[in-house]
Amino acid sequence: MVWIAAALIVLFIQPAYRRLKAKGYPARIAFKIIIFICTICLGIGIVEPAAVYLAVFFSLSFLLMSVIVRPREGAPGDAIFQITFACPACRESITFDFDREGFAELCPKCGEIVRVPKKTSDVDSASGRQ
Ligand SMILES: [Zn+2]
């Protein structure tokens, strides 16, 4: 039961984190807090099963909150989860999801194998400005 709950929590928190970050919130801090609360609840859940439901409830409300909140002014949007660079072979501008960074991918324009470069800008420090 605890493991199913833990899987559910990961399932809820991951998209919530991504959404909060895209909306310009300090998602990393919120992420740490919710992970902390859920870990405690899951720990208690070993002796008191009701706490497991509480942990799932917290992570689900975290997800709902991330959907409901309005984007902050100057929010980076989903673009922060994409890496755009010029293909070394054909010089066309190509875009990949950020989780592909460092991986070899096929260029959608010319079909050449390219390595997706690392993203250089730090998102959390950029989101602090007004
Ligand atoms: Zn190319």
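**Helix packing and exposed loop positions**

G111 is exposed, since 10 other C-beta atoms lie within 10 Å, on a scale in which a residue is buried if 20 or more other C-beta atoms lie within 10 Å of its own, exposed if 12 or fewer and partly exposed in between, with C-beta atoms placed from the backbone. The structure is a predicted model, in which local features need pLDDT of at least 70 and side-chain atom pairs count only at pLDDT 80 or more, whereas totals for chains, interfaces and linings use all residues. Residues are numbered from 1 along each chain as its sequence is written.

G111 is placed in the loop between β3 (104-106) and β4 (113-115), where helices (H or I, at least four residues) and strands (E, at least two) are DSSP runs numbered from the N terminus. In sequence G111 is 22 residues from A89, and in space the two are 9.3 Å apart, C-alpha to C-alpha.

When neighbours within four places in sequence are left aside, K118 is in contact with E101 and G102, two residues being in contact if their C-beta atoms, placed from the backbone, lie within 7 Å. The C-alpha atoms of K118 and E92 are separated by 18 Å, and these residues are 26 apart along the chain.

Strand β2 contains I94, which is partly exposed, with 18 other C-beta atoms within 10 Å. Apart from its neighbours within four places in sequence, I94 is in contact with F85, C87, C107, P108 and K109. Between the C-alpha atoms of I94 and C38, which are 56 residues apart along the chain, the separation is 39 Å.

On the α1 side the contact involves V2, A5, A6, I9, I13, Y17, L20 and K21, which meet A27, A30, F31, I34, C38, L42 and G45 in α2. This contact of α1 with α2 has 13 nonpolar, one polar and one charged residues, where Ala, Val, Leu, Ile, Met, Phe, Trp, Tyr, Cys and Pro count as nonpolar, Asp, Glu, Lys and Arg as charged, and the others, Gly among them, as polar.

The axes of α1 and α3 come within 8 Å and cross at roughly 15°, and these two helices are therefore roughly parallel to each other. Their contact is made by V2, A5, L8, I9, F12, I13, P15, A16, R19 and L20 of α1 together with V52, A55, V56, S59, L60, F62, L63, S66 and V67 of α3. By class, the contact of α1 with α3 comprises 16 nonpolar, two polar and one charged residues.

For α2 and α3, the axes come within 7 Å and cross at roughly 160°, and these helices are therefore roughly antiparallel to each other. In this contact I34, I37, C38, C41, L42, I44 and G45 of α2 meet A51, V52, L54, A55, F58, S59 and F62 of α3. The residues of the contact of α2 with α3 divide into twelve nonpolar, two polar and no charged.

The largest nonpolar core has 18 residues, of which I9, I13, A16 and A55 touch the most other members; such a core is a set of buried Ala, Val, Leu, Ile, Met, Phe, Trp, Tyr and Cys residues joined through C-beta atoms within 7 Å. The elements that give two or more residues to this core are α1, α2 and α3 (50-68), and α1 gives the most, with seven residues. When residues up to four places away in sequence are not counted, I13 touches F31, I34, S59 and F62.

Notes. Axes are lines fitted to C-alpha atoms, for helices over the stretch in contact, and angles run from 0 to 180 degrees between N-to-C directions. Angles under 35 degrees count as roughly parallel, over 145 as roughly antiparallel, 65 to 115 as roughly perpendicular and the rest as oblique.
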